[in-house]
Amino acid sequence: MARWIAGLDGCRGAWAGVLLDLDDPSRHRAGLFATVAEVLDGPEAPVCAGIDVPIGLPERSVGGGRSADRAARALLGPRGRASVFPVPPRAAVYAPDYETAKALSRRDSDPPRAPSIQCWNIARYIRAVDALLRARPELRERLHEVHPEIAFLCLNGGAPLAAKKGAQRQAGLAARRALLLAAGLPRGMVLAPPPNGVGPDDHLDAMAGLVVARDILTGLARPLPDPFEHDAHGLPVVIWAPGDLSAR
């Protein structure tokens, strides 16, 4: 019986996705998907998926945001912590526009804080996943929050990688491909060009989510924080990281 896993990353209003059959790694595919449900309900019906989007929203944000965000920043250190946006309160995530989101976030956070425009730009992805998991609670056992830079940091033995931008861009992409290969993903998957409409960054980030999904399924992944909490709707507030390399 096939055991498919998936990795997903937000991409241009849709989702960059990769799927792999753990029982036959020669079977894999990548694509650009309109919705997360399209992947979870697709022909592969992955039993575990890692997705780069916050799951579990605060009704009120206190201090540095969610406990998962604080744990992620602590692990990433000074060079990487900026990649973890403080997740705004639920009301702000569901706001109809950025100005309203800023007002609601200041109202529901202590100290008052407004989301950055970069954070607001991913709010549509957060809303989509939050709504899906609240409407279909059975999917909570299959869909899990990951953070690509956390995954790559752990796969690199805890050492930061070159940025995927500017003069370091190609070196950063190459280093990440090497880590995905070392983590055991098939060469045909890692070295293939991204699907149409998917950028190389998003493609590699989706594969990082795939690695974490595999480790969750096999019991190797570790939660940030540990133990973790749940939001007011019962959604887990946890970012999953790959397991110890020596345990593979």
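How many disulfides does the structure hold? It holds zero, a disulfide being a pair of cysteine sulfur atoms within 2.5 Å. Cys-11 is in no disulfide, and the nearest cysteine sulfur, that of Cys-119, is 19 Å away. Cys-154 has its closest cysteine sulfur in Cys-48, 16 Å away, too far for a bond.

This is a predicted model, in which local features need pLDDT of at least 70 and side-chain atom pairs count only at pLDDT 80 or more, while totals for chains, interfaces and linings use all residues. Residues are numbered from 1 along each chain as its sequence is written, and side-chain values use heavy atoms, with hydrogens and water left out.

**Buried residues**

Buried means under 20% relative accessible area, exposed over 50%, and partly exposed in between (1.4 Å probe, protein chains only).

| Residue | Relative accessible area |
|---|---|
| Cys-11 | 1% |
| Ser-105 | 3% |
| Cys-154 | 12% |

Ser-105 sits in helix H4 (residues 98–107). Helices (H or I, at least four residues) and strands (E, at least two) are DSSP runs, numbered from the N terminus. Beyond its neighbours within four places in sequence, Ser-105 is in contact with Pro-88, Pro-89, Ala-92, Arg-113, Ala-114 and Pro-115. Contact means heavy atoms within 4.5 Å.

**Cavity**

On a 1 Å grid over the protein atoms alone, a cavity is a set of points where a 1.4 Å probe fits but cannot get out; a pocket is an open set with protein on both sides within 12 Å along at least five of seven lines; lining residues have an atom within 4 Å of a point. Points are joined across faces, edges and corners, and a volume is the space filled by probe spheres set on them.

There is one cavity of 30 Å³ or more. The largest cavity has a volume of about 30 Å³. Its lining consists of Pro-88, Ala-92, Val-93, Ala-101, Pro-115, Cys-119, Trp-120 and Ala-123. Helix H3 (90–93) and H5 each give two or more residues to this lining. By class, the lining has eight nonpolar, no polar and no charged residues. Here Ala, Val, Leu, Ile, Met, Phe, Trp, Tyr, Cys and Pro count as nonpolar, Asp, Glu, Lys and Arg as charged, and the others, Gly among them, as polar.

**Pocket**

The largest pocket has a volume of about 1200 Å³. Of its 41 lining residues, Asp-52, Ser-83, Phe-85, His-147 and Glu-149 lie nearest the centre. The lining divides into 20 nonpolar, six polar and 15 charged residues. Elements supplying at least two lining residues each include strand E1 (4–11), helix H5 (117–121) and helix H10 (200–217).
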